[in-house]
Amino acid sequence: MDISIIGTGHVGLVTGACFADLGNRVMMVDDDRRKIALLKRGGMPFYEPGLEELVRRGVAQRRIRFAASIKDAVDHSLIIFICVGTPARPNGEADLSAVERVCHAIAKSLRAYRLLVEKSTVPVETGEWITRTCQLTIRRGVPFDVASNPEFLREGQAVQDFLHPDRIVLGVESTRAKSLLLELYKPIKSPVIVTDVKSAELIKHASNSFLAVKLSFINTVARLCEQVGADVVKVAEGMGLDRRIGRAFLDAGVGYGGSCFPKDVAAFIRIAEKLGGDFQLLKAAARVNDEQRRHFVTRVRETLWNLNHKTIGVLGLAFKPDTDDLREAPSIDIVRMFQEEGAQVRAFDPKAMAHADGVFPGVAFCKDVYETARGADCLVLLTEWNEFKELDFARLKKLMRHPTVIDGRNVYDPGALRRLGFRYVGTGRGHAPH
Ligand SMILES: NC(=O)c1ccc[n+]([C@@H]2O[C@H](COP(=O)([O-])OP(=O)(O)OC[C@H]3O[C@@H](n4cnc5c(N)ncnc54)[C@H](O)[C@@H]3O)[C@@H](O)[C@H]2O)c1
């Protein structure tokens, strides 16, 4: 099939590269000329495991092309995926101006039937807005459909998630749109939910919001564990074995971040408000998440007595492992709070430092974990990269001023570290440090 992708970001580039690998001809467009130029030169705008190989193969086999304009893409494809960003406005509402611009551009170029698919995460009823916008611009009589196909991939495992999703959601209003999308997704063997556009839009916001609630729930339980000296890892295990609950998203930590959860939760709260509701549960989840970053800093302070004049080695800056994405990463707030209290921060991240210029003023970036530990009063783990899991702790102990590890992701075995002579402070594991 001939398809096009508007917006070659984390979702668009993965979608395009995977569909190309499944045998489709894919045209990609982005209004960021530097990004397109980089891709044409064979470069990658961000790190995502396995993606570079797919893009290279697609380009070499001429299944991927980078188009100069939306018009080119519309001319050459039957299905057009809108994958542009939908960031939060200051009031939490999703900013749909990029989606609107793209719709105008598509509508102006439409000469024959096309299926427009919203893949960006958008508020319920956006499909209706897209349809109305197109109707105002499109030449009379040119048929089109609008569908919703929300994306559930996770950065860091995006290719795997795209090709083996838990489910494929298709929100359609016509049999033509339904059969085109079913045909396109045929090689992917996953359950397919076919529904109307509004339900599909809601599935995405409801799913991300539910996961955020789960995380804030376990982070609240973690604080209780700290009060009474219990272990949240065991509590999560005990809860998670109940199939009605499930173990996923019950890892206590420094709170969620990234380009999706914070903005999607805020957007869902606004959607409810606009429709006359008050999503108190989600407001609480967002508040708990903000507090969790401050709470972590408090825990570090309580471990070190004062942060002023202390040197803190930070392991991990990206909002999660296997990505270099720093958008809304908890590390940004946490590092700033350390600095505001007078601490010196040294940091290392395997991938995200490439994008960290200007994001972490005053931070000394290090070449590895061991350089980060040199002279540090404590090591603080913020992102659970695999390479941080097995460290040479004997070497670290010699390099640090004080052998203290504060584990924001509960990666280490507290007993093993204590036996090695470390002071270990986990998240929701045992009493508060003082
Ligand atoms: N990142 C994720 O893990 C993820 C997962 C599922 C859904 N989503 C959703 O997918 C959408 C895209 O997210 P992303 O992470 O890929 O964003 P991104 O910022 O990585 O990419 C968006 C791309 O769209 C381009 N763009 C913006 N306006 C444009 C325009 N008018 N014309 C052409 N290109 C334009 C940008 O230059 C950028 O390359 C968002 O709605 C997001 O919520 C993201």
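**Exercise 1.** Determine the handedness with which H9 and H12 cross, and describe their packing.

*Solution.* Step 1: the crossing of H9 and H12 is left-handed; a crossing is left-handed if the near helix is turned anticlockwise from the far one by less than a right angle, and right-handed if clockwise. The model is a predicted one, in which local features need pLDDT of at least 70 and side-chain atom pairs count only at pLDDT 80 or more, while totals for chains, interfaces and linings use all residues. Residues are numbered from 1 along each chain as its sequence is written. Helices are DSSP runs (H or I, at least four residues), numbered from the N terminus.

Step 1: helix H9 covers residues 197–228 and helix H12 residues 280–304; they pack at an angle of about 50 degrees, with their axes 9 Å apart. Axes are lines fitted to C-alpha atoms, for helices over the stretch in contact, and angles run from 0 to 180 degrees between N-to-C directions. H9 is therefore oblique to H12, given that angles under 35 degrees count as roughly parallel, over 145 as roughly antiparallel, 65 to 115 as roughly perpendicular and the rest as oblique.

Step 2: Ser209, Ala212, Val213, Ser216, Asn219, Thr220 and Arg223 of H9 meet residues of H12, including Leu281, Leu282 and Ala285. Contact requires C-beta atoms, placed from the backbone, within 7 Å. By class, this contact of H9 with H12 has six nonpolar, seven polar and one charged residues. Here Ala, Val, Leu, Ile, Met, Phe, Trp, Tyr, Cys and Pro count as nonpolar, Asp, Glu, Lys and Arg as charged, and the others, Gly among them, as polar.

**Exercise 2.** Describe how H9 packs with H10.

*Solution.* Step 1: the axes of H9 and helix H10 (residues 232–240) come within 9 Å and cross at roughly 135 degrees. The two helices, H9 and H10, are therefore oblique to each other.

Step 1: H9 passes H10 in a right-handed crossing.

Step 2: from H9, Ile218, Val221, Ala222 and Cys225 meet Val232, Val235 and Ala236 of H10. The contact of H9 with H10 divides into seven nonpolar, no polar and no charged residues.

**Exercise 3.** State the angle and handedness for H1 and H3.

*Solution.* Step 1: helix H1 (residues 12–21) and helix H3 (residues 51–60) have axes that come within 9 Å and cross at roughly 55 degrees, so H1 and H3 are oblique to each other.

Step 1: the crossing of H1 and H3 is left-handed. Among the residues making the contact are Leu13 and Val14 of H1 and Leu51 and Leu54 of H3.

**Exercise 4.** Identify the domains and the shell around the ligand.

*Solution.* Step 1: the chain is divided into domain 1 (2–195) and domain 2 (229–425), with bounds from an automatic or database domain assignment. Their centres, taken over C-alpha atoms, are separated by 33 Å.

Step 1: 16 residues of domain 1 are in contact with 16 residues of domain 2.

Step 2: 26 residues surround the ligand, and the closest are Gly7, Gly9, His10, Ser120 and Thr121; a residue counts as near if its C-beta atom, placed from the backbone, lies within 6 Å. Helix H5 (residues 97–109) gives the most to this shell, with three residues.

How values were computed: Two residues are in contact if their C-beta atoms, placed from the backbone, lie within 7 Å.
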